[in-house]
Amino acid sequence: MMTNLFSIFDPMSSHWFSLNWMSTLIGLLMIPNMFWLIPTRYNIFWNNILIYLHKEFKVLINNSFPGTTFMFISLFTLILFNNFMGLFPYIFTSTSHMVMTLVLALPLWLSFMIYGWINNTHHMFCHLVPQGTPNILMPFMVCIETISNIIRPGTLAIRLSANMIAGHLLLTLLGNNGPMMNNFLLMILISSQIALLTLEIAVSMIQSYVFAVLSTLYSSEIN
């Protein structure tokens with residue numbers, strides 16, 4: 001019996017070092033060596049996904065440096081990998097914590113802001129006032145756009161962590177009721193758990209894609 005429902009999201013397993021955070025990178029050891037040597041079906045499938053993401057991110061990024069899309073593809077891959085790792089039993093989900101998501105979102109946003117305000121200062125000031133805004137509303141629009149820019153890393157981080165926590169928490173709540181159910185209700189519970197797990201797989205892919213796309217859009221606004 002859990003003393004605290006949210007203890008399943010506790011990353012600490014010791015006072016000195018948390019082994020739960022090892023799940024962020026330890027899954028790379030599970031990838032077969034043949035994946036890196038010959039073009040298997042899995043490799044071809046993954047390459048097609050990367051090519052599709054490269055083409056899409058290239059359209060969103062207008063005038064950026066060559067190779068910028070690969071940074072966002074790597075970000076997408078890292079988040080997708082950790083989201084999938086969290087779907088396995090007894091594996092810590094690092095993307096469900098603000099520590100992990102803020103580490104991904106805050107440096108990106110900060111680098112975009114520093115680069116934009118240093119190199120494209122006039123464009124950044126113009127972006128604070130949308131085109132066609134009446135003169136009387138311009139001070140209010142500047143405040144609104146400034147607040148919107150400041151909270152962007154927080155919204156990116158909270159969106160990812162909240163979606164990961166919500167699905168895992170629902171699966172845990174339903175799973176804890178299994179020992180108290182009869183056979184008929186247990187079959188319904190297992191079916192609902194499978195449906196929720198399928199939904200979580202989709203959420204894992206969607207949230208990693210949304211995080212990468214929003215980061216790409218934020219970077220395109222500074223040019």
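A helix here is a DSSP run of H or I at least four residues long, and helices are numbered from the N terminus. The views below show a predicted model.

**View 1. Helices α7 and α8 side by side.** Helix α7 covers residues 152-176, and helix α8 covers residues 183-220. Their axes come within 10 Å and cross at roughly 175°. Angles over 145 degrees count as roughly antiparallel, so α7 is roughly antiparallel to α8. The residues of this contact comprise 14 nonpolar, 10 polar and three charged.

**View 2. Ser215 in helix α8.** Ser215 is part of helix α8. Is Ser215 buried or exposed? The relative accessible area of Ser215 is 1%. Buried means under 20%, so Ser215 is buried. The side chain of Ser215 reaches the backbone oxygen of Phe211, at 2.8 Å.

**View 3. The surroundings of Ser215.** Neighbours within four places in sequence are left aside in this view. The remaining residues in contact with Ser215 are Phe72, Leu75, Leu108, Phe112 and Leu156.

**View 4. Thr101 in helix α4.** Helix α4 runs over residues 98-119 and contains Thr101. The relative accessibility of Thr101 is 0%, so Thr101 counts as buried. Which residues does Thr101 contact, leaving aside its neighbours within four places in sequence? They are Thr95, Ala157, Leu160, Ser161 and Phe211.

Methods. Residues numbered from 1 in each chain as written. Predicted model: local features only at pLDDT ≥ 70, side-chain atom pairs only at ≥ 80, totals over all residues. Heavy atoms only, no water. Axes fitted to C-alpha atoms, helices over the stretch in contact; angles between N-to-C directions. Helix = DSSP H or I, 4+ residues; strand = E, 2+ residues; numbered from the N terminus. Parallel < 35°, antiparallel > 145°, perpendicular 65-115°, else oblique. Nonpolar A, V, L, I, M, F, W, Y, C, P; charged D, E, K, R; others polar. Buried < 20%, exposed > 50% of the residue type's maximum accessible area, 1.4 Å probe, protein only. Polar contact = N/O pair within 3.5 Å; in protein donor to acceptor, adjacent residues only side chain to side chain. Contact = heavy atoms within 4.5 Å.
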